[in-house]
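Here is a briefing on helix packing, a nonpolar core and a chain contact. Please keep the structure open while reading.

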Amino acid sequence: MTVLTATQKPASLRFNPSLQRNKLDKLFTLVSAGFSVIVVLPLLLVLIYVLLQGGRLISFNLFTQLPPAPGLEGGGIGNAIIGTFVVTMVAALIAIPVGVGGGIYLAEYSRGGWFANLIRVGNDILAGVPSIICGVFVYGAIVATRVFFGQSYTAAAGGIALAVLMLPTVIKTTDEGLRLVPKALSMGAIGVGASKFVTIIRITLPSAFTPIATGIVLAIARAAGETAPLIFTALFSPFWPEGVFNPIATMSVLIFNFAIMPFEAQNELAWAASFVLVVLILAANLLARWLRRFAN
Amino acid sequence: MTTSALQHANTSTTGQTCLALEKVTISYGSFEAVRDVYMDIPRGKVTAFIGPSGCGKSTVLRGLNRMNDLIEGCSLRGRVVFDGQDIYAPEVDPVEVRRRIGMVFQQPNPFPKSIYENIAFGARINGFTGDMDELVENSLRKAFIWDETKDKLKQSGNSLSGGQQQRLCIARAIAIEPEVILMDEPCSALDPISTLKIEELMHELKKTFSIVIVTHNMQQAVRVSDQTAFFNAEAVEGGSGKVGYLVEFNDTEKIFNAPTQQATQDYVTGRFG
Amino acid sequence: MSTEPTKELFTLRRRPASEKLVDGGFRYLTIALASMVAIVLVAIFLTVFQGAQEAIKAFGLKFLTTSSWNPVTGEYGAFTAIYGTLVSSLLALAIAVPLGVGTAIFITENLIPLRWREVIGVMVELLAAIPSVVLGLWAIFVMEPFLRPFLTFLNSALGWFPLFSTEPQGPGMAPAVLILVVMILPIITAISRDALNQVPIALRQGAYGVGSTRWIAIFNVILPAAISAIVGGVMLALGRAMGETMAVTMIIGNSTNFSWSLLAPGNTISAMLANQFGEADGIQVSALLYAALILMVLTFAVNLMAQWVVKKLSLRY
């Protein structure tokens with residue numbers, strides 16, 4: 001073994017930090033690291049503020065009392081917490097069957113014809129429709145026409161608006177989840193003479209349960225925090241909920257209404273509602289994450 | 001230093017050691033893939049690595065120009081000496097290493113750029129100041145692919161067939177004039193005719209470069225290589241996986257006709273599982 | 001010898017009519033449910049289009065270029081809101097794209113240990129989960145007061161420039177842009193990260209194999225290979241930013257008076273809808289729906305373009 005003399009060699013292999021390419025490399029690495037910090041920073045700041053400002057207001061009364069009249073102290077957001085659950089539930093009850101059914105059609109029945117393409121493209125477009133437009137639509141179709149027993153603003157209308165928002169996500173996750181199920185599995189069922197219906201309900205759908213459930217949990221979490229579709233459908237109410245065919249308070253609308261009020265008590269309730277909402281939504285996200293890990 | 005002088009320097013040093021592995025052990029996380037390899041890879045020759053799947057021959061090859069750095073959790077113990085320096089020494093720049101030890105991969109991987117740019121890219125980042133058109137043409141000619149591509153240099157490298165893509169990748173590797181070219185089963189994804197072309201090409205290339213090739217195909221090792229290293233894998237006591245090791249390294253002729261190890265004999269005669 | 005018929009154990013060799021009915025019925029049920037997408041989409045469009053008719057007839061295309069918004073005289077023009085929508089979303093995009101793509105690179109190109117990359121990835125996803133209205137609340141009470149001294153300085157130093165020509169009063173276009181940046185960063189980062197992860201390892205090896213440094217490989221090989229998906233993600237983010245309502249409504253100031261200045265209160269179409277739609281009547285409702293129609297067309301165009309870009313660019317690579 002020989003070591004060649006220096007004159008024959010082009011250069012040393014030694015890392016030379018003063019080379020321009022190495023300097024540039026370091027610079028870009030630092031810049032991208034800085035960008036990452038900037039991206040993560042707002043999350044931390046928002047979380048810290050919500051936890052600090054909202055967390056210190058958490059009390060028993062917060063969950064059991066109604067918001068105070070403007071100018072008065074104290075009170076709680078009990079009605080808005082229930083309202084958020086009611087409206088989100090209505091939305092889920094509509095969006096899940098429709099979305100899962102539509103997803104089943106796309107993944108299992110459609111054979112890539114024009115109709116399936118139309119639905120897929122339409123679904124992408126629907127996902128891109130701004131949430132405020134969903135509110136406008138439901139206002140025009142349901143609130144203004146008073147279809148629910150002559151009522152204008154109702155919790156049901158709010159739920160429908162959120163359902164429109166959730167629908168594309170549910171369809172998409174169902175479609176993609178079902179298509180991940182190995183074809184061999186459904187072939188096996190069909191091969192022993194199961195009908196298509198039985199195959200889908202008993203074999204394919206259960207196999208795709210986790211991705212679909214994950215998508216639905218995320219869609220519900222997103223809907224629970226939505227405000228724009230609710231402000232002129234479910235409206236708001238300072239009272240306890242009176243069924244789904246009356247206006248209803250929700251946490252998100254409460255935050256919006258109370259944030260811009262010039263009263264400290266209302267501002268504080270807005271922070272408290274943010275705390276409850278953020279905790280619920282983050283919990284749902286962690287649940288979805290856990291579901292996904294569970295699948296793997 | 002001019003190109004020709006460099007090449008001359010390479011050819012004139014034929015017979016010397018180009019890369020020396022000293023007690024090299026490569027691990028993925030806590031799992032050892034290959035253990036305690038010693039070998040002196042000669043300059044100006046074609047060295048083939050053969051052996052069954054999972055014996056670590058590709059891992060060793062990637063270890064020769066620090067390609068394993070890209071794999072999460074992969075680490076190397078021991079020394080790989082190139083040009084008098086351990087390329088794994090902390091002060092060594094892996095980029096510098098790869099500029100002098102080029103690589104051709106198992107799957108053709110042209111960049112999503114034009115054929116011309118595929119060649120020019122490497123040269124440009126290596127600070128090439130000469131006539132780029134000439135370099136591109138020469139490299140493509142050396143890789144026996146000029147005639148097929150000269151009319152469509154502006155087209156995407158992905159528009160070529162698999163065999164052509166692989167020769168483009170070889171052209172890309174030789175354009176930066178490395179001293180060594182590592183080839184990781186360069187023909188495994190190709191049809192027999194393309195394989196033949198690439199083997200012819202290797203005979204040409206060894207006049208200029210030292211070549212190390214991993215191959216599954218023993219006939220190919222016989223056809224192209226001067227020296228052959230046979231790797232095998234053995235079960236580790238208590239462990240679930242297998243660890244690779246170097247069985248024998250000698251002239252190709254000896255490995256295939258008069259191996260000193262029974263394991264080599266079994267493998268080259270096909271008695272091996 | 002007669003073949004004794006064995007007792008038929010399989011009682012359902014012939015499918016009963018009921019099973020066939022369920023099977024066929026289920027298929028039609030799923031078709032009907034899938035059709036809901038198209039029905040809802042058409043209904044949304046028709047509702048908005050129908051409602052906007054009156055304003056379209058009254059104001060025509062002048063609606064797009066005039067900025068009077070006067071319920072008393074019944075004169076309406078959406079220029080302020082259209083300008084606000086486009087400027088806020090494009091500026092937000094200009095800031096968010098480098099930040100988001102840079103972060104995506106940072107968490108895909110093994111610059112730091114895997115564990116840290118995953119942590120950052122999860123945090124970005126959680127940021128996307130925070131409701132818009134909570135970000136708006138935070139913007140009102142935390143971000144805007146913090147930002148005001150900087151904006152005041154910007155005005156005093158660069159006041160001659162039309163974009164900074166007014167003194168910041170609190171809510172305004174600039175804080176709205178920044179909160180939009182926060183809102184679209186997760187989508188840009190997440191899509192870019194997925195796109196970069198899709199780049200085959202072979203391409204990276206090829207780039208490093210010819211002696212690229214990390215960033216030469218990133219800029220010349222990895223980013224170009226991922227560009228179609230990244231651009232698609234950026235377009236989706238643009239659509240999201242244009243339609244984003246709550247956080248913007250809470251911090252933009254909702255002024256119907258036009259101003260070039262980013263430091264002055266402004267408006268966007270969605271903010272205008274959120275603020276006025278509930279209380280509007282007569283031709284104002286129609287004017288708002290006309291604006292909503294414009295917003296729909298804009299987001300629709302951007303989303304279509306996103307799909308087109310992904311297809312077009314992915315052909316080249």
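**Helix packing in chain C**

Helix H5 (residues 132–158) of chain C packs against helix H6 (residues 173–198) of chain C at an angle of about 130°, with the axes 9 Å apart. Axes are lines fitted to C-alpha atoms, for helices over the stretch in contact, and angles run from 0 to 180 degrees between N-to-C directions. H5(C) is therefore oblique to H6(C).

This is a predicted model: local features need pLDDT of at least 70, side-chain atom pairs count only at pLDDT 80 or more, and totals for chains, interfaces and linings use all residues. Residues are numbered from 1 along each chain as its sequence is written, and chains are lettered from A and ligands numbered from 1 in the order in which they are written.

**The H5–H6 contact**

- On H5(C), the residues that meet H6(C) include C:Leu135, C:Ala139 and C:Met143.
- Their partners on H6(C) include C:Leu178, C:Ile179 and C:Val182.
- Contact means C-beta atoms, placed from the backbone, within 7 Å.

**Around C:Ile179**

- The largest nonpolar core has 276 residues, and C:Ile179 and C:Ala292 have the most contacts inside it.
- H8(C) gives the most to this core, with 18 residues.
- Beyond its neighbours within four places in sequence, C:Ile179 is in contact with C:Leu135, C:Ala139, C:Met143, C:Ala247, C:Val248 and C:Ile251.

**Chain C against chain B**

- 19 residues of chain C are in contact with 20 residues of chain B.
- Helix H7 (201–209) and helix H8 (214–243) of chain C each give two or more residues to the chain C side.
- H7(C) gives the most to that side, with seven residues.

Note on methods:
Contact = placed C-beta atoms within 7 Å. Helix = DSSP H or I, 4+ residues; strand = E, 2+ residues; numbered from the N terminus. Parallel < 35°, antiparallel > 145°, perpendicular 65-115°, else oblique. Core = buried A, V, L, I, M, F, W, Y, C linked by C-beta atoms within 7 Å. Buried ≥ 20, exposed ≤ 12 C-beta atoms within 10 Å, placed from the backbone.
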